[in-house]
Amino acid sequence: MKTVILAEKPSQAKAYAEAMQKSKKQDGYFEIQDPIFNGETMITWGFGHLVSPVSPEIYKDEWKAWCLGNLPMIPERFQYEVTADKKKQFNVVAKLLKSADQIVIGTDADREGENIARSIISHANAEEKTIKRLWINSLEVAEVRKGFENLRPGEDFYTSYLEAQTRQKSDWLVGMNISRLYTVLLQEKGLDGPFSVGRVQTPTLYMIYQRQQEIENFIPEPFYEVFADIQSKNGTFQGKYKERFSTKEELQALLQKKGIKQNQPGVIQTVETKEKKQAAPVLFSLSDLQSQVNKTYKASPAETLEAVQALYEAKILTYPRTDCHHITEGEFGYLANNLSSYEAHLGITIENPLLEPRKRFVDGKKVQEHYAIVPTKRVPTNDELAKLSPLQKNIYEMVLRRTVGMFAPDYIFDETTIVTDLNGLLFKTVGKVEKHNGWRCLLSNHDTKEDEETTLPIVTNGEAVTATIKPKTGETKPPAYFTEGTLITAMKNAGKSVESKEDKEILKETEGIGTEATRASILETLKAQSYMEVSKNKVVVTEKGKTLCLAIAKTQLSSPAFTAEWESYLKKIHDGSGTQEVFLRNMERFIRHLIDTARATIDSESIMQQVGKTVSANAVGQCPICGDVIRDLGKFYGCRGFKNGCKFSIPKKIAGKTLPKTAVQSLLSKKKTAKIKGFKKKDGKTFEAALMIDAENKVSFSFDKK
């Protein structure tokens, strides 16, 4: 029997080959010899999506033109293609698949991985073969071998493929039709395109826009509070009256009514001390890890995913694209057995570790496709650590500390609450005294808030005290701007922002908008489309982004709840209670409705005002060839005179370096920039150089030392 194993990418195939007794590298595949398999065995690979949906003009020549008359574009049957740069490897894969008796899908163990593999198999006309599924959470040799020894039936995962393929088709329909719709309508208003619209990216953008509007329209209001410095026989402490006042006069009126004066006598009404315990934080899902890394190290969610993927491929962390906070008893067992190695790596020792599984962390019923992100059995050596990037090292340690915290005792402290009566006004004081640091010795400097310990003097019920009254003025504050980390969390918890109980339930069921695997790429898309920018870790919507938000404000594209309804039905396809045909019919109806109604919503004064702001914001300088305006066109800066034949443009990225807007402005006004650092050679080494517009009106490097 001939077995062909299909991996998602070369590094994954290499990890599988290294787990076998013998392997020999060939052009595009490995030959394998191992008693796990009977007969001839090969491992081959894709480059992610070897097979992709075709562009509109492949269906019909007229669909190449961006005009309203071509909408909607609804293919009778979706077609797929292999791009030219991937054809060589696809031909290798297809030949192997067609010659196989058994195909083992070894792509990433998630829905997208299933879609990647099945699309390749379908395009290779190998669907009639016997199909098995490899399902593992780690690339360690023992786990890989265990997975191959216990392959699952391929049909068990077919609905995962249908779900992912339906998502892919619906995203094509929305992206191709609605992007063209709004691009054409906004071009009629005087804007250059394109305007990319997506099933998930657009409601995410609108969520950022709404927050920004709240901040920009926020009017601070003063408020007044009253505190008291309370002198007891054993020391001084501060109390606070529970209510706030909107005016200073209201506060003063209450103090006068109660006869409160400076050096006010009072009495301790109650003193209550309770011992409190806090368990360690739950284990990391991908979203939580992305949020924490962004908060601590200011890395973007995409950078975090790339780093944690590398740690997975290095076999020291488990599968990254998980939404789960739990592990099973199997993982707990190996983590407990390996605890001393983890402690040695961190340079700590946990006193009296908790070696029995607790449901907060260990619950097999809550582990579905993948468990939480935890370390593997394999602790990296110093040499291996030295090869990791700084971000990879930080993430590995963050995950390791969070996981080891599961074994540490609870954080225990005494919380004392004192209520002081000053002529009938009750002032509350809360203090905390730590008794056992527990897991905080691992995490206090990493992913917990440092609480200031407030030690209070010893007081007794009925004790007489004297208080000095201290009114204080404050001011209400707007909500905080999103960071990329808090935005990932907001996408996951989008249900908290909607009012409908039914919508809340849908968003809770679907875990918000987007998936663990896609949220980072959605934010990268919004940045690439120049809809949002990140400055000092603060996410802001650009003028172009605001224009799109105003255009879709009254449509369902602005609603996280509507997006979640789509996700909810996609899950029904996965569990077999829904069909791709029904979903795509509903998507088609939605697209037709939007095409019929979009013009009416876009014809408004507010849109025209915003268009003017966007045009101004996009202008970066004057074209050195024709003198027209150079504008920001997303992936490059281009001349508005292109319609008249001017082809001058400046790429946004040169030699791996994204150009600052100020450098582009300098290049256009002075035909030369100052030296710019961070350009990359082909060997990966960096260099610095100025840019100049040469005699042929091309952008080139200048290494002039002057």
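**Terms and values**

Analyst: Ile 522 lies in helix H18. Helices here are DSSP runs (H or I, at least four residues), and strands are too (E, at least two), numbered from the N terminus. This is a predicted model, where local features need pLDDT of at least 70 and side-chain atom pairs count only at pLDDT 80 or more, while totals for chains, interfaces and linings use all residues. Residues are numbered from 1 along each chain as its sequence is written, and side-chain values use heavy atoms, with hydrogens and water left out.

User: Why is Ile 522 called buried?

Analyst: Its relative accessible area is 9%. Buried means under 20%, exposed over 50%, partly exposed in between (1.4 Å probe, protein chains only). So Ile 522 counts as buried.

User: What does Ile 522 touch?

Analyst: Ile 522 touches Val 200, Gln 201, Thr 204, Met 491 and Gly 514, not counting residues up to four places away in sequence. Contact means heavy atoms within 4.5 Å.

User: What makes H10 roughly perpendicular to H14?

Analyst: Helix H10 (residues 301–313) and helix H14 (residues 390–404) pack at an angle of about 75°, with their axes 9 Å apart. Axes are lines fitted to C-alpha atoms, for helices over the stretch in contact, and angles run from 0 to 180 degrees between N-to-C directions. Under 35 degrees is roughly parallel, over 145 roughly antiparallel, 65 to 115 roughly perpendicular and the rest oblique. Therefore H10 is roughly perpendicular to H14.
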